[in-house]
Amino acid sequence: MANQDIAETIASVGYAKVIVTLTPVGLGAGLAAAARGGVDSSASRDAEAQLQDHFIVPSEAQQESLALDARASASRSFRRAVDPATRRMRVYPHLGFATGFVDAAGMAALETSPTAGSIVKAPELSLIRPTSIRPARPRKTVSWGLRRLGVEDMWNAGFDGKGVVVGHLDTGIDGDHPSLKGAIFDFAEFDLAGDKVPDAKPHDSDEHGTHTAGTIVGRAGEKGAFGVAPGAQIASAMVIEGGQVIDRILSGMDWIIEKKCPILSMSLGLRGFTPAFQQIINALRAGGVLPVFAVGNEGPLTSRSPGNYENVLSVGAMDQADAVASFSSGQKFDRPADPLVPDLVAPGVGILSCIPGGKFAEMDGTSMATPHVAGLAVLLKQAKPAASIDQIEQAIIGSCTLPAGMLKARGNRGLPDVRRAFQLLTGSPLPVKGPAVAVASRRKVSKAKPVTRRATKSTGKKVAAARI
């Protein structure tokens with residue numbers, strides 16, 4: 001058994017959950033459809049038919065409990081294609097992967113199967129929670145983060161993200177919030193078993209998802225502006241937290257590719273470094289998706305996977321004084337390409353955005369910085385629709401400057417400038433036009449009340465895994 005982590009888990013528990021890369025044999029006719037951007041269910045059927053006997057239901061009682069929990073937690077009841085109590089494996093045709101539990105015999109069979117490629121132990125990712133949350137009232141201002149990035153100049157030149165759909169994997173999104181009216185292109189709820197709940201209405205199981213979504217596409221109005229791309233739309237999936245997390249996240253990623261979103265904002269990760277998600281990130285990029293991920297909130301000498309991978313746009317947090325936030329993770333790796341993470345920093349302290357129930361809050365965290373950068377990518381995609389995700393990424397990275405006093409070891413390339421990024425991407429300076437987004441009293445920057453509370457769910461139950 002080549003994978004030591006899998007072998008050790010099987011030796012101690014009797015089974016392990018794995019992620020399997022499917023070969024062209026495994027995906028069959030569906031793989032050709034994937035290349036044309038039109039995967040159908042034949043890919044899943046082919047892979048399941050060839051692989052399902054290698055997977056097991058590790059505990060009927062535990063699996064039945066999961067099925068009951070999934071049914072109870074879903075926002076609406078629905079008929080499932082496969083009963084979670086008996087499911088052995090799940091296939092993600094757009095990504096080209098499968099997941100499931102294997103014992104020693106199943107692992108040995110997978111290693112010799114022409115259907116299976118690489119096999120890794122499935123990691124348990126968690127949300128990167130804000131380090132601080134403060135109730136706040138919106139003011140008739142443009143948020144300090146947008147001003148620091150030069151976003152108003154893009155709006156004034158006619159670029160507000162219109163026509164671009166950005167992907168968002170989080171705790172969901174409040175579809176009734178006034179600041180998100182008209183902003184939701186599509187919504188998907190993946191329940192605790194990883195099944196998509198059909199016709200689910202956009203809602204948030206927490207506050208985090210609505211807040212990060214607001215920073216990307218929040219609509220500007222008389223109550224101020226905090227969304228980087230207020231003309232764009234968002235495809236948001238509820239994938240976290242609880243249940244079969246890896247199934248939920250992979251289902252969300254597969255859905256993002258299906259929706260043809262060119263940018264994905266995600267603030268999830270596993271503390272430390274694991275290569276388990278590398279092939280999945282490769283698949284995202286191959287599917288035309290730029291992964292913009294938070295690096296983590298555990299401070300210097302730490303980072304989270306997949307936010308610390310070489311081929312993601314990794315984001316740390318800075319404050320209004322151009323200092324890297326003390327909580328913002330940072331780490332140097334022994335690799336020739338892109339050894340230092342994060343790639344850059346963005347506003348992530350005192351970030352005003354919307355939360356469920358028509359309310360607003362300020363939060364601190366690298367997951368507050370990440371949607372700022374995702375929003376910049378959206379503006380650039382509108383500015384040059386034919387640009388590849390690699391070109392957009394390089395324009396953002398190339399626009400960065402390290403503010404005076406900011407250590408490279410903490411901020412790496414520093415802060416992006418959307419005006420410079422526009423010029424790098426298009427070859428022309430940003431045109432100057434009249435104001436495109438009307439917000440009163442733009443000279444002021446909103447301040448939150450100095451009231452703090454612990455970043456926990458509204459039930460008061462402390463969540464075990466930290467969120468960025």
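Which side chain does Glu362 meet in a salt bridge? That would be Arg134, with 3.2 Å from N to O. By salt bridge I mean a side-chain nitrogen of Lys or Arg within 4 Å of a carboxyl oxygen of Asp or Glu.

Okay, quick housekeeping before we go on. This is a predicted model, where local features need pLDDT of at least 70 and side-chain atom pairs count only at pLDDT 80 or more, while totals for chains, interfaces and linings use all residues. Residues are numbered from 1 along each chain as its sequence is written, and side-chain values use heavy atoms, with hydrogens and water left out.

Back to our pair. Glu362 sits in strand β20 and Arg134 in strand β6, residues 132-135, so the bridge links distant parts of the chain, 228 residues apart. Strands here are DSSP runs of E, at least two residues, numbered from the N terminus. Glu362 is buried at 6% relative accessible area, and Arg134 is buried too, at 11%. For the cut-offs: buried is under 20%, exposed is over 50%, and partly exposed is in between, with a 1.4 Å probe and protein chains only.

Now, how many salt bridges does the structure hold? There are 22.

Glu64 bridges to Arg71, and the closest N and O atoms are 4.0 Å apart. Glu64 counts as partly exposed, at 31% relative accessibility, and Arg71 gets that label at 37%. Then there's Arg419 with Asp417, at 2.9 Å from N to O. Arg419 is partly exposed at 32%, and Asp417 is partly exposed at 23%. There's also a network: Lys17, Arg80, Arg87, Arg90, Asp191, Asp195 and Asp247 are joined by salt bridges that share partners.

Last stop is Pro356. Where is Pro356 placed? You'll find Pro356 in the loop between β19, residues 351-355, and β20, residues 359-364. β20 is also the strand that carries Glu362. Pro356 counts as partly exposed, at 23% relative accessibility.

And which residues does Pro356 touch, leaving aside those up to four places away in sequence? They are Asp174, Asp204, Asp206, Glu207 and Thr210, where contact means heavy atoms within 4.5 Å. His208 is worth a look as well: Pro356 and His208 are 148 residues apart in sequence, yet their C-alpha atoms are 9.2 Å apart in space.

That's my tour, thanks.

Key
Helices (H or I, at least four residues) and strands (E, at least two) are DSSP runs, numbered from the N terminus.
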